[in-house]
Amino acid sequence: MIQVEKLTKEALKKMSDEEIIRRAKKLAKRYCVGNGKDFKLKDFSTQPKMELGPEDKPLVKEALEQGIQELTRLQEVLYAQDRWSLLVIFQAMDAAGKDGAIKHVLSGVNPQGCHVTSFKAPSAEELDHDFLWRCLKELPERGRIGIFNRSYYEEVLVVRVHEAILRSQKLPQKLITKKIWDQRLEDIRNFEKYLDRNGTKIIKIFLHVSPEEQKLRFLDRIEDKNKNWKFSTSDIKERGYWEDYMKAYEKAIRQTSTKDSPWYVIPADNKSYARIAVASAIISALDGLNLHYPAVSEEKVAELQQIKSQLLSGES
């Protein structure tokens with residue numbers, strides 16, 4: 001699947017589930033931070049490690065379709081087993097492709113087993129609670145996949161870049177110290193450890209786009225009247241804080257990426273490749289849960305066989 005190097009469209013179609021998973025895990029590993037202790041954002045490119053031209057579009061499309069099919073299969077087992085849940089957090093600069101990645105990668109997943117939550121600026125009610133509260137309410141149930149389009153990480157990203165926001169959040173003044181960012185990152189790390197210990201697997205995806213590619217996508221949104229609605233003047237304002245955001249992302253990833261709740265820093269200048277890498281990361285996470293359909297007792301199997309006989313004989 002998913003690694004498209006040295007493959008043909010026909011070969012992709014014939015690939016087994018096991019081979020798709022193996023390739024997905026190999027690709028995901030490229031971008032997995034794991035232990036973030038020595039993480040440096042400059043070590044991760046915004047460009048994929050392979051050239052993709054117009055002639056590769058059919059192959060890339062097939063690779064993504066294969067990934068979506070495998071993801072759909074794994075999600076069905078996750079839902080049936082009803083033991084684990086998976087939380088996928090998307091974070092990125094504007095126009096990095098979060099919405100598109102969510103739309104395309106999860107296009108085949110049963111809506112009953114998946115829930116997407118987009119987080120905007122906190123409401124008055126949300127500001128009357130701790131910074132994790134509004135996300136806590138949206139955590140996925142067992143057997144389901146939860147998608148956060150932005151998350152509690154905004155509290156150590158946008159709020160860190162614009163500290164005036166912090167001072168409007170009704171916190172007691174004595175709690176707003178130079179240590180607050182390290183404290184919040186520690187709280188996040190402990191929160192994610194708690195969720196993992198209770199059966200919620202978490203992966204965090206940073207779609208790593210370059211300022212040059214963001215500029216091109218902004219211009220496209222302005223020039224295409226059907227995309228004008230996507231553009232906001234605040235997007236340009238935030239672009240002016242690019243370096244501050246990169247420093248905030250680096251610190252957040254360094255302090256919260258762990259073996260059990262890793263960050264994936266995915267090159268996002270090529271949308272198609274980014275979507276394949278996102279699918280690979282989710283497949284890798286699901287495969288790591290050792291999913292299987294619930295076992296049926298011998299008595300139940302015998303009962304089913306009896307019912308089958310009745311149906312075939314016309315008795316029922």
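Analyst: UniProt positions are given in the numbering used here, with feature names shortened, and the annotations may be inferred rather than shown by experiment. In an unreviewed entry, UniProt lists residues 61-288 as "domain: Polyphosphate kinase-2-related". This is a predicted model, in which local features need pLDDT of at least 70 and side-chain atom pairs count only at pLDDT 80 or more, while totals for chains, interfaces and linings use all residues. Residues are numbered from 1 along each chain as its sequence is written, and side-chain values use heavy atoms, leaving out hydrogens and water.

The span 61-288 is 50% helix and 14% strand, and its end C-alpha atoms lie 25 Å apart (helices are DSSP runs of H or I with at least four residues, strands runs of E with at least two, numbered from the N terminus).

The largest pocket holds about 1,300 Å³ of space (a pocket is an open set of points on a 1 Å grid over the protein atoms alone, where a 1.4 Å probe fits, with protein on both sides within 12 Å along at least five of seven lines; lining residues have an atom within 4 Å of a point; the volume is the space filled by probe spheres set on the points, which are joined across faces, edges and corners). Its lining has 41 residues, and Asp 94, Lys 98, Lys 120, Arg 150 and Asp 235 are the closest to the centre.

Asn 290 has a positive phi, near 55°, though it is not glycine. With a relative accessible area of 59%, Asn 290 is exposed (exposed means over 50%, buried under 20%, partly exposed in between, with a 1.4 Å probe and protein chains only). Asp 82, in the loop between α3 (57-81) and β1 (85-92), also has a positive phi, near 60°. Asp 82 is partly exposed, at 37%.

In helix α2 (residues 17-31), the buried residues include Ile 20, Ala 24 and Leu 27. Glu 18 and Lys 29 are exposed on the other side of α2.

Definitions and conventions. The expected span of a helix is 1.5 Å times one less than its number of residues.
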